[in-house]
Structures are given as C-alpha cells and as structure tokens.
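Here's a quick tour to read alongside the model on your screen.

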Amino acid sequence: MLDPELRELYQQVILDHNKSPRNFKKLETANRTAEGYNPLCGDKINIFVDVEKDIVKDISFQGSGCAISKASASLMSTVVKGKSIEEAKKIFEKFHDLITGKLDEDESIEELGKLAVLAGVKEFPIRVKCASLAWHTMLSALKNEDKTVTTE
Ligand code: ZN
C-alpha cells in the first residue's frame with residue numbers, strides 16, 4: 001500500500017495529466033501510427049510517432065477514455081520522447097512490472113520517475129489495461145503493425 005500522502009500527490013498528478021494531457025494532438029510529421037482499444041473500459045487511443053534512425057523524435061496521441069488511460073498516455077508521451085526504440089521497450093517492461101505489482105515502490109520511484117504516479121493501479125487489476133493501453137499501442141506503432149491493438 002502507498003502511504004496516504006504519496007497517494008494524494010500521485011492522484012493530483014494523474015488528474016492534472018487527465019485535465020491537461022501533454023502531446024495531445026495529431027502529429028503531422030508522424031511516420032508511424034497505431035490505434036488502440038480497451039473494450040473493458042471503452043478507452044480509445046491513436047498514437048502518432050515520428051521515428052528517425054531508431055529514435056522517437058516526436059510522439060503524440062489522441063483519443064477518449066478514462067482518467068487513468070489518458071494520464072498514462074500523456075505520461076508515456078513525455079517519457080518516451082527522445083528515447084530509442086530499445087529504451088522505450090525497456091521502460092514499458094519496468095512500467096508493466098510496476099502496475100502489476102512486481103516492482104517494489106522504492107525501486108519504481110528510482111527507475112521510473114514520474115511514471116511511479118500510476119503505482120496505485122496495481123490494486124485495481126481492471127485498471128491495468130487502462131494504464132497499459134497507450135504503451136501497447138505505442139509499441140505497435142514502433143513495430144509498424146497495421147492493426148488495431150486491443151487489450152483483450
Ligand atoms: Zn479505462
């Protein structure tokens with residue numbers, strides 16, 4: 001369990017990203033895109049990525065969904081921008097460990113920085129899909145798969 005003060009802070013960050021999502025637009029320079037859908041909650045997302053020499057030069061998203069899915073997409077976009085495809089994959093693996101409870105909290109804050117605000121998701125298994133949707137969709141875009149990602 002997270003301590004109540006930390007939980008409150010994390011909640012504020014999530015609400016802020018939900019209200020003012022970062023990189024929430026269509027990216028005109030995108031050379032890779034993917035679409036994601038989480039039927040369990042109704043979250044829909046489109047990811048736009050501009051990849052140059054295996055580096056995520058720019059990334060953006062559009063879509064509609066719950067606060068967790070939107071905040072996670074917003075945070076993902078800020079964290080992945082400027083990273084290599086390989087790094088983006090590694091960050092997602094760590095993030096996935098965090099939201100499924102495989103990473104302890106001290107470790108997660110050290111390794112994941114601001115993504116740690118989504119740590120509370122692990123207490124709500126149904127929300128794990130909301131929090132991971134943007135990531136699965138981002139990876140699909142990087143792989144240039146031409147299909148809709150669903151969490152089912
Ligand atoms: Zn959701």
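What follows is a short walk through a helix pair, a sheet and a metal site. Keep in mind that this is a predicted model.

**The helix pair**
- Start with helix α1 (residues 4-19) and helix α2 (residues 67-80), whose axes are 8 Å apart and meet at an angle of about 85 degrees.
- Angles of 65 to 115 degrees count as roughly perpendicular, so that's the label α1 and α2 get.
- On the α1 side, I14, H17 and N18 make the contact, while α2 brings in A67, I68, K70, A71, S74 and L75.
- Sort those contact residues of α1 and α2 by type and you get five nonpolar, three polar and one charged.

**The sheet**
- Next up is an open sheet of four strands, in the order β3-β2-β1-β4, with mixed pairing.
- β3 (55-64) and β4 (148-150) sit at the edges with a single partner strand each, so one side of each has no neighbour in the sheet.
- On average, neighbouring strands here are turned by 25 degrees against each other, if you ignore direction.
- Strand β2 (residues 43-52) and β3 run antiparallel and are joined by nine bridges.
- To spot facing residues, look for V49, which stands opposite I59 in β3.

**The zinc site**
- Which residues hold the protein donors of the zinc ion? They are C41, D43, C66 and C130, with donor atoms 2.2 to 2.6 Å from the zinc ion.
- Along the sequence, the spacing of these donor residues reads C-x1-D-x22-C-x63-C.
- D43 in strand β2 and C66 in the loop between β3 and α2 are 23 residues apart, so to speak linking distant parts of the chain.
- Both D43 and C66 are buried.

Key. Residues numbered from 1 in each chain as written. Predicted model: local features only at pLDDT ≥ 70, side-chain atom pairs only at ≥ 80, totals over all residues. Heavy atoms only, no water. Axes fitted to C-alpha atoms, helices over the stretch in contact; angles between N-to-C directions. Helix = DSSP H or I, 4+ residues; strand = E, 2+ residues; numbered from the N terminus. Parallel < 35°, antiparallel > 145°, perpendicular 65-115°, else oblique. Contact = heavy atoms within 4.5 Å. Nonpolar A, V, L, I, M, F, W, Y, C, P; charged D, E, K, R; others polar. Pairing = 2+ DSSP bridges. Donors = N, O, S within 2.8 Å, 3.2 Å for Na, K, Ca; no water. Buried < 20%, exposed > 50% of the residue type's maximum accessible area, 1.4 Å probe, protein only.
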